[in-house]
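I begin with a single side chain and then turn to the chain as a whole.

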Amino acid sequence: MSVERGPISQFIEKNYLHFNAASLVDAAKGYEVHLDEGGKMMITLAGAMSTAELGISLAEMIRQDKVSIISCTGANLEEDIMNLVAHSHYKRVPNYRDLSPQDEWDLLENHYNRVTDTCIPEEEAFRRIQQHIHKIWKDAEEAGERYFPHEFMYKMLNSKVLEQYYEIDPKNSWMLAAAEKNLPIVVPGWEDSTMGNIFASYVIKEELKASTMKSGIEYMAYLADWYVKNSAGKGIGFFQIGGGIAGDFPICVVPMLYQDMEMEKIPFWSYFCQISDSTTSYGSYSGAVPNEKITWGKLDINTPKYIVESDATIVAPLIFAWILKQ
């Protein structure tokens with residue numbers, strides 16, 4: 001057992017010996033080897049990982065350069081910031097399985113939007129951010145400038161305008177850590193997030209132009225450029241938390257470059273791990289085993305492949321703890 005490791009790593013190395021537990025350790029060790037050999041890593045965030053406060057461990061991963069790029073849903077992009085500025089106003093509902101339709105309606109009437117056992121407060125979270133991000137959108141448009149969704153969020157965070165509202169230790173916000181490093185982020189399907197809906201409402205009201213926000217196609221081109229510039233040597237690994245668009249969108253950049261751009265020497269993803277509790281079923285992307293991705297030109301036959309079929313809110317912090325030697 002490695003003596004330089006902390007108690008969490010020592011615990012999982014001693015106890016996590018079989019089944020999904022062993023897969024967790026294998027994936028963590030594979031991630032570490034990939035970095036030690038000079039590789040870079042993309043992390044993809046689906047689900048509600050920001051509301052699950054993954055920032056507590058992910059922010060430190062970013063600060064220690066254990067992640068080179070992130071792909072996330074629009075919800076994960078904004079919900080880390082919402083937790084940063086409205087944490088004390090969140091409402092936990094541990095008996096969420098017992099809620100009746102009337103109970104759910106009452107939460108809505110009180111401006112609480114539920115994510116499993118956690119309710120996000122509309123006024124303190126959504127509206128608090130809205131007033132500041134709207135000004136940044138408007139200022140960019142008037143200056144004839146266009147940016148990606150994450151770049152607008154970085155502008156807001158780096159302006160310090162939200163500091164007055166901080167309700168958690170800023171070191172536990174992964175978006176703050178990312179903004180400080182100007183970490184590349186890809187946000188496919190941003191339009192379906194709360195801030196995306198709000199931006200769309202301004203477009204419909206003709207207060208903003210849709211073109212002020214860079215699009216998903218531009219995100220793919222941005223990712224393609226980044227991949228080409230960073231895939232030499234050991235290459236880029238793919239650490240997928242959950243399924244859905246956060247994973248499916250960026251993993252496709254490799255077959256696009258190879259097949260559509262005819263870059264026949266573009267490297268495959270050089271490490272792959274997915275944490276998911278989605279079962280393998282007919283046509284399910286989230287439940288597909290990694291080998292299926294070989295046929296789509298995403299992974300090589302020799303790419304190290306791992307799948308941990310468990311709850312990402314439990315698994316991801318443990319793997320990150322191993323990488324951070326905690």
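**Notes on the predicted model**

1. In this predicted model, the side chain of H34 comes to 3.5 Å from the backbone oxygen of G235.

2. Is H34 buried or exposed? Its relative accessibility is 2%, and because buried means under 20%, H34 counts as buried.

3. Leaving aside residues up to four places away in sequence, H34 touches G39, K40 and M41, then K234, G235, I236 and G237, and also S270 and Y271.

4. Turning to the whole chain, I find 14 helices and 9 strands. The radius of gyration is 20 Å, close to the 20 Å that the globule rule gives for 326 residues, so the chain is as compact as a globular protein of that length. Along its principal axes, the C-alpha trace spans about 50 × 50 × 40 Å.

5. Of the 326 residues, 50% count as buried, and among contacts with a separation of 6 or more, 78% are between residues 24 or more positions apart.

6. As for the surface, the chain exposes about 15,300 Å², of which carbon and sulfur atoms supply 51%. There are 29 positive and 45 negative side chains, and the centres of these two sets are 5 Å apart.

Methods: Residues numbered from 1 in each chain as written. Predicted model: local features only at pLDDT ≥ 70, side-chain atom pairs only at ≥ 80, totals over all residues. Heavy atoms only, no water. Helix = DSSP H or I, 4+ residues; strand = E, 2+ residues; numbered from the N terminus. Rg over C-alpha atoms; globule rule 2.2 N^0.38 Å. Buried < 20%, exposed > 50% of the residue type's maximum accessible area, 1.4 Å probe, protein only. Contact = heavy atoms within 4.5 Å. Areas by Shrake-Rupley, 256 points an atom, 1.4 Å probe, with all protein chains shown as cover. Lys, Arg positive; Asp, Glu negative; His and termini not counted. Charge placed at Lys NZ, Arg CZ, Asp CG, Glu CD. Polar contact = N/O pair within 3.5 Å; in protein donor to acceptor, adjacent residues only side chain to side chain.
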